[in-house]
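The sequence and the model are shown first.

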Amino acid sequence: MTDTPTQLFIGGAWVDAADGATMPVDDPATGEILCHVADAGPKDARLAEEAAVQAQQEWARTAPRARSEILRRAYEIILDRVDELAHLMTSEMGKPLAEARGEVAYAAEFFRWFSEEAVRIDGGGGILPDGRNRMLLSRRPVGPCLLITPWNFPLAMGTRKIGPAIAAGCTMILKPAPQTPLSSLALAAILKEAGLPDGVLNVVTTSRAGEMCEPLLRGGRIRKLSFTGSTQVGRILLAQSADAVVRTSMELGGNAPFIVFDDADLDVAVDGAMLAKMRNMGEACTAANRFFVHSSVADEFGRRLAERMGALVVGPGTRDGVDVGPLIDRTGRAKVEELVADAVERGAEVLVGGRTPEGPGSFYPPTVLAGVDPESRLMDTEIFGPVAPILTFDDEDEVVRRANDTPWGLVGYVFTEGLERALRVSERLEVGMVGLNTGLVSNPAAPFGGVKQSGLGREGGRVGIEEFLEYQYLAVPVR
Ligand code: ADP
């Protein structure tokens with residue numbers, strides 16, 4: 001912890017907030033303060049904006065190969081420091097060390113992927129239909145970007161945005177979540193070490209997100225917003241982006257259905273459920289939020305899931321053998337408790353868990369609820385905790401209709417051994433991603449994103465870099 005930066009990173013230098021403000025970073029396993037970091041205000045936002053704007057032109061002219069190699073070096077440095085970064089992440093966010101290591105590797109992959117994409121940005125061109133005019137198409141970086149990330153994947157949500165922005169030749173301001181600023185500051189130090197020029201990446205940690213970001217979005221110099229967070233905040237930022245017609249990519253909330261048909265392989269379905277529900281203690285926008293299980297297999301599925309969930313070890317993420325760390329804070333836990341209490345009041349049966357432990361930290365046990373009333377609040381709220389609510393269905397049309405009956409459309413999970421049914425149901429789900437007989441869809445080489453109120457645009461894959469590029473068309477008549 002001692003050499004982790006705690007200041008703002010602006011124009012390649014580590015600086016205090018202009019008004020000297022700091023904010024505490026808590027350890028969710030103990031509730032105690034880990035350290036203090038700089039708490040940026042509007043003045044710091046202006047300085048970061050100035051640095052990003054100043055660096056933009058020259059950065060856009062940098063050779064794609066040079067940008068690629070910076071990303072590649074950063075990828076290698078991250079892999080050399082997996083343990084160190086994983087400890088830092090666990091200390092500020094809570095996830096078990098094994099999962100933190102997994103996230104560090106996943107985060108690094110975005111840099112490797114976009115280091116490969118940086119040199120594959122292609123334009124195009126051709127002869128226009130009149131046979132006389134030619135067009136030349138080139139790709140230009142969109143310009144200085146504001147990147148806003150959440151606390152649940154402190155490193156990967158940053159690299160998923162920074163990677164394509166660097167590859168495309170954009171400069172940027174990264175504003176991480178106030179709960180998990182340390183991973184982003186460590187990442188900035190790594191990128192500096194990898195040779196990223198001053199001003200290309202600026203990191204401002206703050207507890208005053210609204211105050212800091214609104215003038216940036218309305219000011220006209222920031223040309224792109226890439227946001228991952230709640231739909232509620234996303235809507236506010238979309239409205240603020242309208243003024244200066246800022247391009248936006250939005251990765252917002254989810255309400256993932258997890259559908260188990262009567263012909264599913266239940267071993268595969270339960271494994272999938274454990275992944276889709278328990279990755280990150282359920283604190284993921286891709287987390288299975290509603291389990292629809294065919295009535296003929298629901299009891300068996302519930303029994304097996306409860307057995308697996310009940311066997312998980314809950315404790316501080318740094319301790320050996322722990323499977324489930326604390327939730328991010330007590331507010332997050334209180335929300336989970338309320339949702340479970342509401343479901344139980346409406347008749348749900350608690351198969352396992354459901355009881356908040358005594359003691360420090362914000363722990364909540366893996367919980368399975370059966371016979372959940374569809375009117376329960378957790379059916380239309382992101383639970384963001386280790387709670388699996390099970391409902392039953394009898395008919396394919398009915399379950400598709402119920403799965404789609406939500407304003408969100410990020411991801412869905414479908415378990416069946418029937419190929420045609422698998423394809424038919426997947427295509428009818430109003431979601432950006434489907435896990436077919438798997439509980440994990442995230443991959444740097446695949447386009448991540450949702451439809452409906454789950455967002456706009458895609459991150460990762462071949463299209464991830466597109467979000468940071470514009471076309472420029474040159475009209476060339478040939479006489
Ligand atoms: P969560 O509920 O998971 O914390 P939020 O949408 O509240 O999700 O937060 C996601 C990110 O958005 C965080 O970095 C947070 O600080 C930031 N954020 C929250 N409110 C605003 C705002 N009004 N303007 C800019 N960023 C914001």
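The points that follow concern aromatic pairs, one glutamate and one surface patch.

1. The model is predicted.

2. Aromatic pairs. The structure holds nine aromatic pairs. One of them joins phenylalanine 258 and phenylalanine 301, with 6.4 Å from centre to centre and 35 degrees between the planes, a tilted arrangement. Phenylalanine 258 belongs to strand E12 (residues 256-260) and phenylalanine 301 to helix H10 (residues 298-310), so this pair ties together parts that lie 43 residues apart in sequence.

3. Burial of that pair. Phenylalanine 258 has a relative accessibility of 0%, and phenylalanine 301 likewise has 0%. Buried means under 20% relative accessible area, so phenylalanine 258 counts as buried, and so does phenylalanine 301.

4. A further pair. The ring centres of phenylalanine 261 and phenylalanine 393 are 5.4 Å apart, and their planes stand at 85 degrees; planes over 60 degrees apart count as edge-to-face, so the pair receives that label. Phenylalanine 261 is in the loop between E12 and helix H9 (266-278), whereas phenylalanine 393 is in strand E16 (residues 387-393); the pair thus links distant parts of the chain, 132 residues apart. Phenylalanine 261 and phenylalanine 393 are both buried.

5. An aromatic cluster. Which residues form one aromatic cluster? The members are Phe258, Phe291, Phe301, Tyr413 and Phe415. Phe258 and Phe301 are the two partners of the tilted pair described in point 2.

6. Glutamate 396. This residue is placed in helix H12 (residues 396-404). Is glutamate 396 buried or exposed? Its relative accessible area is 14%, and because the limit for buried is under 20%, glutamate 396 counts as buried.

7. Surroundings of glutamate 396. The side chains of glutamate 396 and arginine 424 are joined by a polar contact of 2.8 Å. Leaving aside residues up to four places away in sequence, glutamate 396 touches Phe261, Arg421, Arg424, Val425 and Arg428. Phe261, listed among these contacts, is also a partner in the edge-to-face pair of point 4.

8. A nonpolar patch. Leu136, Leu474, Val476 and Val478 make a nonpolar surface patch of about 290 Å². Leucine 136 is found in strand E6 (residues 133-141).

Definitions and conventions: Residues numbered from 1 in each chain as written. Predicted model: local features only at pLDDT ≥ 70, side-chain atom pairs only at ≥ 80, totals over all residues. Heavy atoms only, no water. Helix = DSSP H or I, 4+ residues; strand = E, 2+ residues; numbered from the N terminus. Buried < 20%, exposed > 50% of the residue type's maximum accessible area, 1.4 Å probe, protein only. Polar contact = N/O pair within 3.5 Å; in protein donor to acceptor, adjacent residues only side chain to side chain. Contact = heavy atoms within 4.5 Å. Patch = residues over 30% accessible without salt bridge, like charges linked within 9 Å, V, L, I, M, F, W, Y side chains within 5 Å. Areas by Shrake-Rupley, 256 points an atom, 1.4 Å probe, with all protein chains shown as cover. Salt bridge = Lys/Arg side-chain N within 4 Å of Asp/Glu carboxyl O. Phe/Tyr/Trp six-rings, centres within 6.5 Å; stacked < 30°, edge-to-face > 60°.
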